[in-house]
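Open the model in your viewer and keep the selection tool at hand. The tour goes stop by stop.

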Amino acid sequence: EKKLDILNLPALEDEAKKIIPTGGYGYIFGGSEDDWTLKQNTLAFEHAQIVPKALSDIEKPDLSTNVFGIDLKTPVMMAPTAAQGLAHAQGEDDTARGVAAVGGLMAQSTYSSTSIADTAAAGNGAPQFFQLYMSKDWSFNESLLDEAKKAGVKAIILTVDATVDGYREQDIINNFQFPIPMANLTKFSEGDGKGKGIADIYASAAQKIGPDDVRRIAEYTDLPVIVKGVQSPEDAMRAIGAGAAGIYVSNHGGRQLNGGPASFDVLESIAKAVNHQVPIIFDSGVRRGSHVFKALAAGADLVAFGRPVIYGLALGGAQGVQSVFEHIDHELEIIMQLAGTKTIEDVKHAPLLHIHYND
Ligand code: FNR
């Protein structure tokens, strides 16, 4: 496998469609209901504009940053996404290799095709987070939290926006069932997920989550707990009040609550409420360097994306993943220079305009 020749990340979707089997591809690209929120996620970046700053005497912007005490070469990270074995035989292990090659950060999903320890080993010391889908079975939660800690994972991402499966039409059309097992689910008495649909798998997880659950998990593990699926200042404050060490602003890539706003449109108000008490991760709809810039300027400390990385993985394994990150970093570098921002800290302080265009 070799480096991908990438014009832009949206174009990868059509390329990946040619090689990922229909059911798996539908599961990956689809949103919920009529995909309204999914579409708004990317369109919403047009609601803000970057101020060009030409007489700024800067060249070669520096993309490195430090978040949660971790040094990173890029503010762009891999979102936790399930079942990457659907895209490539090496699954998450190749994703880990590709992300490590760019000095980035990867989050593993509870529903990974590979085990926490194997994927951590594939990352070869590169920083990783572990995303927990809380189970009704506390011994399951505790064993995964222990395993993550043992594997050297640096933080837990607790996803709270998936207590029921969004109405995923693609999965219904294709009668999609996971053709491959989920390595971490071998601990579930219900089985490893193979042959099940995502709705059945979510049904084994907790179907209600409240602040007390966040507190219980934060008290159990000594790793920082980041709450994922926040879309309002109120939820951000509830999460911090319950012990969250980070807020992850996301609408699950438009796969859960259809009819909610684009994730980018709620970021600024959440960042204002959080007021730098804890770091903020942002995702949903990020496809361009300019999107990353706008999210950082609107208050994010890290910007994640999911689908483009999975497509890169499908098309070129670890090298494909690396190529996707290099491409978005390249676009970001250009924007940073033209906006007169030398560092990620400068980007975080850059102004955004909110001019309304009719077309
Ligand atoms: C996801 N997402 C997700 N989130 C999570 O917390 N745990 C998970 O297991 C998964 N699984 C998953 C699978 C697939 C195929 C996709 C596309 C997404 C959501 C993910 O973390 C992230 O929020 C979105 O992918 C961001 O949107 P974009 O970048 O894909 O538009």
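Select Arg168 first. Arg168 sits in the loop between β7 and α7 (169–173). Helices (H or I, at least four residues) and strands (E, at least two) are DSSP runs, numbered from the N terminus. This is a predicted model: local features need pLDDT of at least 70, side-chain atom pairs count only at pLDDT 80 or more, and totals for chains, interfaces and linings use all residues. Residues are numbered from 1 along each chain as its sequence is written.

Is Arg168 buried or exposed? Arg168 counts as buried, because it has 23 C-beta neighbours inside 10 Å. The cut-offs: a residue is buried if 20 or more other C-beta atoms lie within 10 Å of its own, exposed if 12 or fewer, and partly exposed in between, with C-beta atoms placed from the backbone. Now show what Arg168 touches: Gly30, Ser32, Ile198 and Arg255, leaving out residues up to four places away in sequence. Contact means that the two C-beta atoms, placed from the backbone, lie within 7 Å.

**The annotated positions**

UniProt positions are in the numbering used here, feature names are shortened, and annotations may be inferred rather than shown by experiment.

Go to Tyr133. It lies in the loop between β6 (128–132) and α6. Tyr133 is buried, with 25 C-beta neighbours inside 10 Å. Beyond four places in sequence, Tyr133 touches Thr110, Tyr111, Thr159, Ala162 and Ala205.

Next, His252. The unreviewed UniProt entry also marks His252 as "active site". Find it in the loop between β9 (246–249) and α11 (263–274). His252 has 25 C-beta neighbours inside 10 Å, so it counts as buried. Its contacts, residues up to four places away in sequence aside, are Asp161, Ala162 and Gly229.

**The ligand**

Select the ligand and its surroundings. Which residues come nearest? Of the 23 residues around the ligand, they are Ala79, Ala82, Ser109, Gly253 and Gly306. A residue is near if its C-beta atom, placed from the backbone, lies within 6 Å of the molecule. The shell holds eight nonpolar, 11 polar and four charged residues. Here Ala, Val, Leu, Ile, Met, Phe, Trp, Tyr, Cys and Pro count as nonpolar, Asp, Glu, Lys and Arg as charged, and the others, Gly among them, as polar.

Select α2 (residues 22–29). Its buried residues are Gly24, Tyr25, Tyr27 and Ile28. Seen down the axis of α2, they fall within an arc of 160°, so they line one face of the helix. The arc is that of the directions from the helix axis to the C-beta atoms. These buried residues pack against α1 (12–17), α7 and α13.

Move to α4 (residues 91–101). Here 10 of the 11 residues are buried, so α4 is largely enclosed by the rest of the structure. Its buried residues pack against β4 (76–78), β5 (105–108), α5 (116–123), β6 and α13. Gly103 follows α4, with a positive phi near 70°.

Then α9 (residues 211–220). Val214, Ile217 and Ala218 are buried. Down the axis of α9, they fall within an arc of 100°, so they line one face. Turn to the face away from that buried side to find the exposed Asp212 and Glu219.

**Last stop**

Select Val227. Beyond four places in sequence, Val227 contacts Leu158, Val160, Val214, Ala239, Ala244, Ile247 and Tyr248.
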